[in-house]
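Student: I would like to learn how to read the folds, strands and contacts of a model such as the one shown here. Could you take me through it step by step?

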Amino acid sequence: MRPILALAVVPAIALAARALAAQDIDTTIAVRTGARFELNSVSGSVKIQTWNRQQIRVVAETDGARVDLDASAGSVTVRTEPRRGEGDVDFTITVPGGTPLEAHAISADIEVNQVCGEATLGSISGGVTLRCANGDTQIESVSGDVEASDVRGHLDISSTSGDVDVSGVHGDVSARSVSGDVSLERVDGQDVRAETVSGDVGFSGPIHDGGRYAFHSHSGDLTIRPDGDINAIVSVSTFSGDMESDWPMTINPGGGYVHPREWEFTIGSGSAKLSLESFSGTIYLRRGGASHRGDR
Amino acid sequence: MDAHLGERLSALVDGEVGGAEREAAEAHLTACAECRAAYDALLRIKRHAEALDDRPPERDLWPGVAARLGQAATVIPLAPRRRRVAFSIPQLAAAALVLMAASAGAVLLATHAGHPAAASPFASPTVAPIAGLASAKGVESYDAAIRDLENTLASRRSTLDTGTVRAIQQSLSIIDGAIRQAEAALAQDPNSMYLNSHLEHALGRKLEVLRRVTTLAAAS
């Protein structure tokens with residue numbers, strides 16, 4: 001047996017399926033490379049960070065809720081069980097860099113810093129913040145704000161009533177809200193989609209040849225700031241909104257759909273598809289890349 | 001003027017007409033506003049369809065459907081083939097209806113049956129049938145699925161805190177407002193492809209939110 005596995009197995013057996021008493025917890029588990037970490041929390045807070053050890057440290061400050069912990073060399077799972085109506089637990093988790101994470105909470109805020117692995121994070125009424133991920137990343141909240149930055153890989157991020165803030169992504173992005181704003185800054189992907197119903201949508205990043213980009217709002221504004229030159233067929237749809245473009249909106253003779261509220265125009269070779277829809281908001285297509293919120 | 005292009009429009013959009021026949025068709029399009037409008041609409045739909053993802057279903061619904069039909073859950077795989085988009089306006093309208101009904105049906109199958117009939121706090125006014133592609137049958141299918149999910153969510157609202165319930169209600173109210181505005185706009189312009197797809201999208205968005213929140217409420 002390799003030393004790292006020997007280190008892992010002993011504490012894993014000791015802690016497997018162990019229900020920890022309702023008290024503050026501080027325990028460290030040796031794990032093998034690539035081990036997963038999973039957390040199911042009710043309320044309180046969740047902070048996940050990284051260190052240079054092949055160990056996972058679980059610190060839990062609980063107000064009476066029980067914390068169950070299952071551990072093996074390949075995974076560590078932590079679960080909160082409310083007792084007598086008490087469910088608040090403040091977790092501080094430290095994991096090796098690149099650890100795949102899955103964390104769910106009912107009303108706890110979740111914050112993940114510099115772990116830089118795959119991540120699936122969800123909180124019903126709490127906010128979710130992720131800084132650094134590699135691989136598939138999913139973030140979801142119902143009523144909290146969600147934020148992701150420095151992501152390499154596919155990102156699926158949504159909030160029902162909160163804002164969605166995304167920055168610094170190399171990969172495809174799907175971002176959704178209902179009443180919140182959706183902001184995508186420095187997003188470099190081939191397939192980028194953002195939609196909200198009553199919020200605004202912002203995007204900055206390259207429009208790649210052959211890529212597909214779709215930005216939709218019902219009553220909010222769209223502010224799209226492509227980086228550099230673009231080659232795209234731009235489809236615009238609105239009902240009572242307006243459109244301002246830094247590029248000439250020249251309708252191709254004999255081609256392209258033309259309607260008082262729906263039209264297409266081509267920029268450059270038209271290799272990419274850029275769909276812009278706002279029922280009653282204003283659509284801004286601006287040169288110049290990154291912008292600040294509210295900057296038209 | 002020559003006779004209208006009719007079914008040849010679909011072949012024209014698909015690039016299956018060449019040579020003199022294409023030249024004649026294009027000449028006709030320059031002179032015939034009716035055919036030109038239909039051609040543009042078909043072209044736009046084709047581009048939308050081509051832009052859709054070829055996503056596999058999240059789960060195989062056929063075994064459940066087959067069980068209800070009393071059939072063996074056997075599906076004969078078809079050889080893969082290239083997506084081809086070819087249809088006429090009536091076909092498009094029919095396809096839109098079938099798609100909406102199927103989508104709503106799939107949601108119903110994917111959610112729970114047997115819900116309380118009590119009025120739901122998440123309930124919204126029924127969307128009135130409208131003209132155009134998003135017609136009465138399709139909207140009713142959405143309504144049925146939405147009502148079902150609203151009742152399911154109402155039965156599980158106790159698992160959510162009041163702030164979350166309020167946020168969900170506000171979000172659903174915003175979507176309902178968007179649906180009503182799209183509906184009113186469609187009354188003005190029933191043939192607008194954008195407004196039809198916008199209404200369908202808003203209904204689908206509401207279904208998605210209800211389905212997701214219901215799932216989360218059940219898991220909490």
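**Reading the two chains**

Tutor: This is a predicted model, and we can begin with chain B, whose secondary structure amounts to eight helices and zero strands. Read from the N terminus, the elements of chain B follow the order α-α-α-α-α-α-α-α.

Student: What share of the 220 residues in chain B is buried?

Tutor: Buried residues come to 32% of chain B. As for its contacts with a separation of 6 or more, 77% of them in chain B are between residues 24 or more positions apart.

Student: Turning to chain A, why is strand β23 described as largely enclosed by the rest of the structure?

Tutor: In a regular strand, side chains alternate between the two faces of the sheet. Strand β23 of chain A, residues 232-238, has seven of its seven residues buried, and therefore it is largely enclosed by the rest of the structure. On one side of β23(A) lie A:Ala232, A:Val234, A:Val236 and A:Thr238, on the other A:Ile233, A:Ser235 and A:Ser237, and all of these are buried.

Student: Which strand of chain A runs antiparallel to β23(A)?

Tutor: That is strand β26 (residues 262-267) of chain A, joined to β23(A) by six bridges, with A:Glu262 as the bridge partner of A:Ser237. With strand β27 (residues 272-278) of chain A, β23(A) pairs in the parallel sense over seven bridges, and here A:Ile233 faces A:Lys273.

Student: How many residues does each chain bring to the contact?

Tutor: Chain A contributes 22 residues and chain B contributes 29 residues; on the side of chain A that touches chain B, nine are nonpolar, nine polar and four charged.

Definitions and conventions: Residues are numbered from 1 along each chain as its sequence is written. Chains are lettered from A and ligands numbered from 1 in the order in which they are written. This is a predicted model: local features need pLDDT of at least 70, side-chain atom pairs count only at pLDDT 80 or more; totals for chains, interfaces and linings use all residues. Two residues are in contact if their C-beta atoms, placed from the backbone, lie within 7 Å. Ala, Val, Leu, Ile, Met, Phe, Trp, Tyr, Cys and Pro count as nonpolar, Asp, Glu, Lys and Arg as charged, and the others, Gly among them, as polar. A residue is buried if 20 or more other C-beta atoms lie within 10 Å of its own, exposed if 12 or fewer, and partly exposed in between; C-beta atoms are placed from the backbone. Helices (H or I, at least four residues) and strands (E, at least two) are DSSP runs, numbered from the N terminus. Two strands pair if DSSP finds at least two bridges between them.
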